[in-house]
Amino acid sequence: MKMTAMSLHTITIHEAAVRLARKEISSVDLTRAVLSRIEEVEPRIRAYLALLPEDAFRTAEAADARRRQGKARGPLDGIPLAIKDNLCTRGIETTCASKILKGFVPPYDATVIGKLRAAGAVFVGKTNMDEFAMGSSTENSAFQQTKNPWAQDRIPGGSSGGSAAAVAADACLGALGSDTGGSIRQPAACCGIVGLKPTYGRVSRYGLVAFASSLDQIGPLAKDVEDTALLLAAIGGHDSKDSTSADLPVPNYRAALARGVKGLKVGIPKEYFVEGMDPSVEAAVRVAVRTIEGLGAEAVEVSLPHTEYAIAAYYILATSEASSNLARYDGIKYGFRAEGAKDLLDLYQKTRSEGFGAEVKRRIMLGTYSLSAGYYEAYYRKAQQVRTLIKGDFDRAFERVDVILTPTAPTPAFRLGEKVDDPLQMYLSDIFTISVNLAGIPALSLPCGFSPEGLPIGLQVLGKPFGEETIFRTACAYEQATEWYRRRPPL
Amino acid sequence: MTTRYEAVIGLEVHAQLLTRSKNFCGCSTRFGKMPNTQTCPVCIGMPGVLPVLNRTAVEYAIKTALALGCAITPHGRFARKNYFYPDLPKGYQISQYELPIGTMGALEIVVGGEVHRIGITRVHLEEDAGKNLHEGGDGVSFVDMNRCGVPLMEIVSEPDIRTAEEAAAYMRELRSILRYLEVCDGNMEQGSLRCDANVSIRPEGSADLGVKAEVKNMNSFKFVQKALEYEIARQIRVIEEGGRIVQETRLWDPDQEITVSMRSKEEAHDYRYFPEPDLVPLVIDEAWQEEVRRTLPELPAAKRERFVRQYALPKYDADELTATASTAASFEATVKAGASPKAASNWIMGEIQRLLNLESIAIEACPVSPERLAELLKRIEDGTVSGKLAKTVLEAMFKTGKDAAAIIAEQGLTQISDTAALERAIAEVLARHQKELVEYRAGKEKLFGFFVGQVMKATQGKANPGLLNEILKKRLAG
């Protein structure tokens with residue numbers, strides 16, 4: 001019994017669901033195990049901005065009571081999860097890791113939070129992130145530095161670095177993150193877990209604090225593909241509060257897992273194996289492709305010719321939208337307000353100068369510039385045209401193949417502080433993930449090996465719009481054949 | 001030789017739409033509630049919220065665009081207009097920029113007997129801002145967000161207007177149309193209908209455009225006319241004194257009756273418009289357009305023309321009666337119930353309107369129904385009651401809700417058309433006023449009215465005027 005309780009935090013959601021159903025464990029046991037694990041590792045990892053032990057035990061007890069009465073709600077009932085701090089949680093401070101939202105307590109739940117609550121999930125805490133989800137290392141948090149559980153002198157990736165580190169450290173069973181240019185997949189790769197950016201419109205964005213509205217998408221981070229599918233099934237679907245959410249039924253993703261890859265065509269884009277890429281990453285991904293071929297899929301080379309323009313287009317579009325989305329943080333209504341302003345303009349300037357971090361300010365300036373009269377045509381409109389071309393690349397490729405395989409990030413997790421003073425180098429961390437957001441397609445990252453230093457490497461599986469089932473099939477077959485996902489960081 | 005100038009004016013009108021809920025959330029649009037009680041996370045711009053478009057607001061905009069003869073875009077798009085102000089909680093207004101709902105329409109106005117066609121550049125949908133309140137605190141300001149997100153329709157005219165009078169006429173005609181469509185209550189004083197003007201001048205006959213000034217804060221038809229008259233005169237004065245017009249925004253000050261400079265172009269905003277990514281493109285297909293088109297009522301211009309044609313009314317009457325759809329409907333119902341059109345027109349424009357104004361009642365709620373008014377008018381025509389007494393009858397009908405017959409019977413107001421009775425009354429009057437009779441017969445014929453008055457007084461006004469005149473003339477002649 002003691003042994004069970006001690007190792008309980010290491011299990012997956014689907015394993016926990018089985019054991020909960022069999023009444024071998026209770027949700028309170030599970031929650032206690034996770035919270036004590038957090039206590040153990042959090043001083044070294046610092047994944048959480050806020051812990052919610054009281055709420056967690058209350059919901060866990062309610063889940064146990066339901067189960068006793070034979071009214072359990074499904075696989076997520078009583079499962080401890082972590083939530084990225086840019087998802088609005090009713091009555092719980094939501095800061096986006098920004099000083100400017102310090103003290104902001106939303107009077108509403110994001111749609112995904114409401115769905116998880118209805119499914120019985122237990123929220124153990126809100127996780128750290130790059131401020132307003134802008135970054136690839138979680139170093140842009142205004143509050144703390146999250147460490148990579150595999151090597152604590154390294155970044156956990158970002159912006160959902162807190163969620164990824166918490167999952168990898170077994171400090172929760174699964175987590176939600178958000179992905180605007182790679183912010184779920186790149187930290188998942190850095191931390192050796194699974195992360196999915198769903199198709200744009202698959203998951204409601206209502207209550208996700210917006211960074212770039214046309215690119216943002218909420219998605220799960222989990223220990224394996226099955227858990228990822230389970231979480232997506234719980235949070236996906238149409239929402240009348242989000243006009244951009246798709247009115248399409250949510251398939252039974254779990255049923256797709258075991259279908260295998262036999263007969264699938266997988267595309268390997270030649271533009272994604274570029275110079276400057278870490279050789280261990282390239283090697284791991286090439287081996288992964290052969291493994292998948294060995295499982296019965298056919299690999300073909302495809303071309304995504306406009307890939308090289310993706311980062312440029314992305315940093316115009318995302319910053320343009322951000323410059324507008326972040327205008328509401330003005331010190332008037334909620335969150336931080338600077339002291340000692342002498343008039344309205346001064347209040348705006350002081351509040352925003354003091355409230356936002358350097359990277360956020362950099363992006364607001366970039367976006368404001370791109371949208372300015374006289375520059376709009378050359379920047380914003382041109383970038384939109386590039387976006388259309390990139391989407392066209394994928395449309396053509398997906399006429400020939402069912403999924404596309406690429407590395408998730410060009411290198412394994414880099415060292416803390418290594419790129420903070422070089423924004424351009426930092427932006428290149430997302431070189432393989434950004435096109436997916438521009439095209440609105442789904443993509444998943446899962447572990448496919450380790451670098452010589454023992455750092456996890458991520459394989460990215462890209463699918464057609466609303467083709468998450470095919471992604472899950474492919475990823476699950478590979479995962480079961482390799483078992484990289486079973487490796488846990490030495491904490 | 002002195003130069004003669006003409007003004008070039010374009011109007012930008014904002015109309016608050018009469019939808020029950022706001023443009024992008026479910027909050028009520030009701031006016032005059034306690035500050036910040038008609039709000040939700042969406043309309044006060046909390047983090048993470050998203051707009052959902054109000055379909056009725058789109059329908060109202062389509063309806064207006066169709067009524068103004070606009071082409072409707074099959075694919076509309078919303079855009080963000082970015083600027084900082086405390087009454088704008090998101091830091092941007094959701095508006096339309098490229099692809100507005102309607103374009104290339106026109107509105108006809110009649111000024112000085114001439115028809116002027118004023119082009120409509122665009123009709124688009126956007127949201128209102130809140131209100132900053134500066135009273136009640138020492139250097140403290142408050143924001144009331146009840147109005148945030150209330151649907152606004154912007155109607156932009158071509159610079160086809162040449163005089164202040166035309167501008168006022170354009171506003172009146174536009175308001176009339178908006179009211180006919182029941183999309184806006186058209187109340188300029190309360191701000192549900194607002195008007196900004198771009199004004200420039202040029203030498204008459206020139207095709208060039210001068211530098212324009214934007215004039216704001218004209219919250220009545222009277223102020224539109226006065227402000228523009230002032231602004232045109234101001235610009236002519238500046239030019240004639242050798243000065244230059246600067247591009248700027250000017251506010252109408254109704255107390256001093258002048259326009260004053262608010263900000264120059266150098267301080268003008270760059271709104272950084274870009275497509276609103278939180279809303280999908282607005283698809284207005286043929287079927288939807290047709291559905292809305294079928295709900296269009298007969299518009300003021302068509303109704304005016306028909307009233308002249310069908311009821312043989314003077315143009316003046318037709319203009320007055322069609323000012324609102326309800327007055328027109330009331331007139332038509334009265335005629336349908338058997339009244340003669342001219343009599344119905346006179347009484348509705350005159351007595352009915354007077355009584356309604358006294359009590360501040362709308363014509364829809366008039367206690368005298370068109371059927372009952374028609375009944376009274378028939379009683380005048382058939383001589384039961386005199387036109388003069390009918391006013392007393394109508395007043396009583398208005399107050400008591402009874403019909404004409406009941407009031408006439410109750411108050412004994414039936415006209416005396418009995419010759420014998422009138423002869424008696426006349427004889428008595430003449431007997432009492434021998435002096436005047438002698439004077440009359442000596443040639444002082446203007447005393448005729450005196451005798452009429454005396455007989456009327458004696459009969460409490462019930463004498464049939466025609467008959468009285470006839471008999472009195474004979475008796476006076478001796």
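Arg286(A) is partly exposed, with a relative accessible area of 36%. Its salt-bridge partner is Glu282(A), at 3.1 Å from N to O, and Glu282(A) counts as partly exposed too, at 26% relative accessibility. Both residues belong to helix H10 (residues 279–294) of chain A, where they stand 4 residues apart, about one turn of the helix. The model described here is predicted.

**Salt bridges**

Side chains of opposite charge can pair when their charged atoms come close. Over all chains, the count comes to 60 salt bridges.

| Pair | N to O distance |
|---|---|
| Lys126(A) and Asp85(A) | 3.1 Å |
| Asp179(A) and Arg185(A) | 2.8 Å |
| Arg286(A) and Glu282(A) | 3.1 Å |

The side chains of Lys126(A) and Asp85(A) meet in a salt bridge. Lys126(A) lies in strand E3 (residues 122–127) of chain A, while Asp85(A) is in the loop between strand E2 (80–84) and helix H5 (111–118) of chain A, so the pair ties together parts that are 41 residues apart in sequence. Lys126(A) and Asp85(A) are both buried.

One network consists of Arg205(A), Asp242(A), Arg80(B), Glu276(B) and Asp278(B).

**Strand pairing**

Strands of a sheet pair through backbone hydrogen bonds, either parallel or antiparallel. In chain A, strand E7 (residues 265–269) and strand E8 (residues 298–302) pair in the parallel sense over 5 bridges. Within this pairing, Pro269(A) has Val302(A) in E8(A) as its bridge partner. Helix H10(A), which holds Arg286(A) and Glu282(A), forms a right-handed β-α-β unit together with E7(A) and E8(A).

Chain B contains an open sheet of 3 strands in the order E5-E4-E15, with antiparallel pairing. Its edge strands are strand E5 (92–95) and strand E15 (274–275) of chain B, each of which pairs on one side only. Strand E4 (residues 79–82) of chain B is joined to E5(B) by 4 bridges, and the two run antiparallel. Which residue of E5(B) is the bridge partner of Arg80(B)? The partner is Ile94(B). Arg80(B) is also one of the residues in the salt-bridge network noted above.

**Domains of chain B**

Chain B is divided into domain 1 (5–291), domain 2 (300–410) and domain 3 (419–477). Taken over C-alpha atoms, the centres of domain 1 and domain 3 of chain B are separated by 65 Å.

**A surface patch on chain A**

Tyr369(A), Tyr375(A) and Tyr379(A) make a nonpolar surface patch of about 280 Å². Among them, Tyr375(A) is found in the loop between helix H13 (358–371) and helix H14 (377–400) of chain A. The relative accessible area of Tyr375(A) is 35%, so this residue is partly exposed and also passes the cut-off of over 30% required of patch residues.

The peptide bond from Gly158(A) to Ser159(A) is cis, with omega near 10°. Ser159(A) is found in the loop between E3 and helix H6 (161–168) of chain A.

Ala97(A), a residue other than glycine, has a positive phi, near 55°. This alanine lies in the loop between E2 and H5 of chain A, and Ala97(A) is buried, with a relative accessible area of 0%. Asp85(A) is placed in the loop between E2 and H5 as well.

Glu483(A) also has a positive phi in a residue other than glycine, near 65°. Its position is in the segment after helix H17 (468–482) of chain A, and at 37% relative accessibility Glu483(A) counts as partly exposed.

Ala310(A) is found in helix H11 (residues 310–325) of chain A and is buried, with a relative accessible area of 1%. From C-alpha to C-alpha, Ala310(A) and Leu438(A) are 7.7 Å apart in space, although 128 residues apart in sequence.

Terms used
Residues are numbered from 1 along each chain as its sequence is written. Chains are lettered from A and ligands numbered from 1 in the order in which they are written. This is a predicted model: local features need pLDDT of at least 70, side-chain atom pairs count only at pLDDT 80 or more; totals for chains, interfaces and linings use all residues. Side-chain values use heavy atoms; hydrogens and water are left out. Patches are made of residues with over 30% relative accessible area and no salt bridge: like charges are joined within 9 Å, nonpolar side chains (Val, Leu, Ile, Met, Phe, Trp, Tyr) within 5 Å. Accessible areas come from the Shrake-Rupley method with a 1.4 Å probe; for residues, only the protein chains shown count as cover. A salt bridge is a side-chain nitrogen of Lys or Arg within 4 Å of a carboxyl oxygen of Asp or Glu. Buried means under 20% relative accessible area, exposed over 50%, partly exposed in between (1.4 Å probe, protein chains only). Domain bounds come from an automatic or database domain assignment. Two strands pair if DSSP finds at least two bridges between them. A crossover is right-handed if, with the strands pointing away from the viewer, the path from the first strand over the helix to the second runs clockwise.
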